[in-house]
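Here are a few exercises to work through with the model open beside you. Try each task before reading its solution.

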Amino acid sequence: MASKFGLAGGIPERRVRPIWDAIDSRQYKNALKHSTTLLSKYPNSPYALALKALILERMGKSEEALSICLNAKELLHTSDSFLMDDLTLSTLQIVFQRLDRLDLATSCYEFACGKFPTNLELMMGLFNCYVREYLYVKQQQTAIKMYKLIGEERYLLWAVCSIQLQVLCGQGEEKLLALAEGLLKKHISSHGLQEPEAVFIFISILENQGKYGDALEILSGKLGSLLTIEVDRLRLEGRLLARSGNFTAAVSTFQKILELCPDDWECFLQYLGCLLDDDKSWCCGPIGKPIRLPETVENLSHIPDDVFDCRITNASAFVKLRIEASCEPIRGPYLANLEIERRKQLHQKGDLKKLLDAFVQYFCRFGHLACFCSDVEAFLEVLNNEEKMELLEKLMKCSKSLSIGPIKCLGLSMTLQKMQDIIGKNYKLTVIELESVAVELVDMYCKSLHLSRDLDAQENMHGEELLSMASNVLVQVLVVFSSTSILLIDASFRLSFESGIKSWMC
């Protein structure tokens, strides 16, 4: 049998290589020519047929490709004289997958593994087929067979992950997690664990069962020493402490993480949530559930006012230290200031001036970034319309006082336009005023073209969003006012754009 697992179908590589070279260079007609020649010499070779099917599929001839693949599959199933190697099967699998017939690819591998049950290469191919079809039970069974065959750790981990997926996706009962835990413990007792990923998986199995104490014990023991990246170990420790309800210890751990990684925004939310005892939904929820900002006071735990004041003051002092200790401008601590002021507002203990100052401070440092508006949008929700307009005025005043380069200046201008739209100022403008905004945006784009002169062709141009922003304004004019002048504005928009491009090219 060993002789059957060499070159695909016994075809010399020198005859196959030109076909793959042509496929890789997208010269499908040339590849088809070589494939036809190969089939004339090996008319019943499953691998030669699979290659031709692959080429035909790439050429858009799906029905012909499927027909040829089915012929190759039939040859593999009915004749013992043909070689059944992974290269032939993987080529068929590629075509079947592109034709959305994963079941046929799986059946090929199932037949091959039934014929050669100890061939690891074929078993791995079968496992991957089950992965593509989300057949978690069969994934588990195949991984266990591979593990029993050679006793390698990674195959056991594949089996354990497959069990975990069954439970998480509702395809199995939670008692399966105990089976996964037992398999890992048995392996650890005889072989130990070699990879950090194995420790993460073991702890996640315990975490899924609510065994946070056991997981923390593993983390602090010999197996935990495999986690050589300190921040990763601390993140895991903080999560386990928080989910077990030990908020005090969790706060201390999250502080250590923020000292090492002050820009870790999710970690700050976890830190603040545990500090204020208002993150219980996260601590008891599913693993991997995203951290969400509480939107109303009803979502917050009602800790006593004096406790809240003390803890939020501690958080402010901690964030201030992180800003002072940072050598480079990073967004996390400044966003943290905004979140602290937002929490005060939700607890009806806020100072509007401090909140607006935190907005302005963030704008002064990061207003030129494209992500600014998405960063602050959630914080705007605690402001009423008048307060939002006051904030917008402060941002405009701040932008005029900054001494920055032309690229950052362009970014600030775009941010201000986006903020006007988010706050709702544009909806209060007349048709004529909106027309002026659209023209201004196009003019800004044309005047900024020279900033992109030295960029690589694959890089995004500075200010390229301005055109879509101008288009959005024009659409607003059409939708809100049903203005027939939209055609005129569009014409002037196109003329301005063309003239700007021409002047830039010159």
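**Exercise 1.** Determine how α22 and α23 are oriented relative to each other.

*Solution.* Step 1: locate helix α22 at residues 406-423 and helix α23 at residues 431-447; helices here are DSSP runs of H or I with at least four residues, numbered from the N terminus. This is a predicted model, in which local features need pLDDT of at least 70, side-chain atom pairs count only at pLDDT 80 or more, and totals for chains, interfaces and linings use all residues. Residues are numbered from 1 along each chain as its sequence is written, and side-chain values use heavy atoms, with hydrogens and water left out.

Step 1: take the axes, which come within 12 Å and cross at roughly 160°. Axes are lines fitted to C-alpha atoms, for helices over the stretch in contact, and angles run from 0 to 180 degrees between N-to-C directions.

Step 2: apply the cut-off. Angles over 145 degrees count as roughly antiparallel, and α22 and α23 are therefore roughly antiparallel to each other.

Step 3: list the contact (heavy atoms within 4.5 Å). From α22 come L410, S413 and Q417, and from α23 come V437, E440, L441 and M444. Those residues divide into 4 nonpolar, 2 polar and 1 charged.

**Exercise 2.** Check the span of helix α3, then decide how far α3 is enclosed by the rest of the structure.

*Solution.* Step 1: α3 covers residues 46-58, and at 1.5 Å a residue its 13 residues should span 18 Å. The expected span is 1.5 Å times one less than the number of residues. The end C-alpha atoms of α3 are 18 Å apart, which agrees.

Step 1: look at burial (under 20% relative accessible area, with a 1.4 Å probe and protein chains only). In α3, 11 of the 13 residues are buried, so the helix is largely enclosed by the rest of the structure. Among the buried ones are P46, Y47, L51 and E57.

Step 2: find the cover. It includes α1 (13-24), α2 (28-41), α4 (62-78) and α5 (86-98).

Step 3: go just past α3, where G60 takes a positive phi of about 90°.

**Exercise 3.** Are Y134 and Q348 buried or exposed?

*Solution.* Y134 sits in the loop between α7 (120-132) and α8 (136-150), while Q348 is in the loop between α18 (331-346) and α19 (352-366).

Step 1: read the backbone. Y134 has a positive phi of about 60° although it is not a glycine, and Q348 likewise has a positive phi of about 60° without being a glycine.

Step 2: compare with the cut-off for exposed, which is over 50%. Y134, at 55% relative accessibility, counts as exposed; Q348, at 75%, counts as exposed too.

Terms used
Helix = DSSP H or I, 4+ residues; strand = E, 2+ residues; numbered from the N terminus. Parallel < 35°, antiparallel > 145°, perpendicular 65-115°, else oblique. Nonpolar A, V, L, I, M, F, W, Y, C, P; charged D, E, K, R; others polar.
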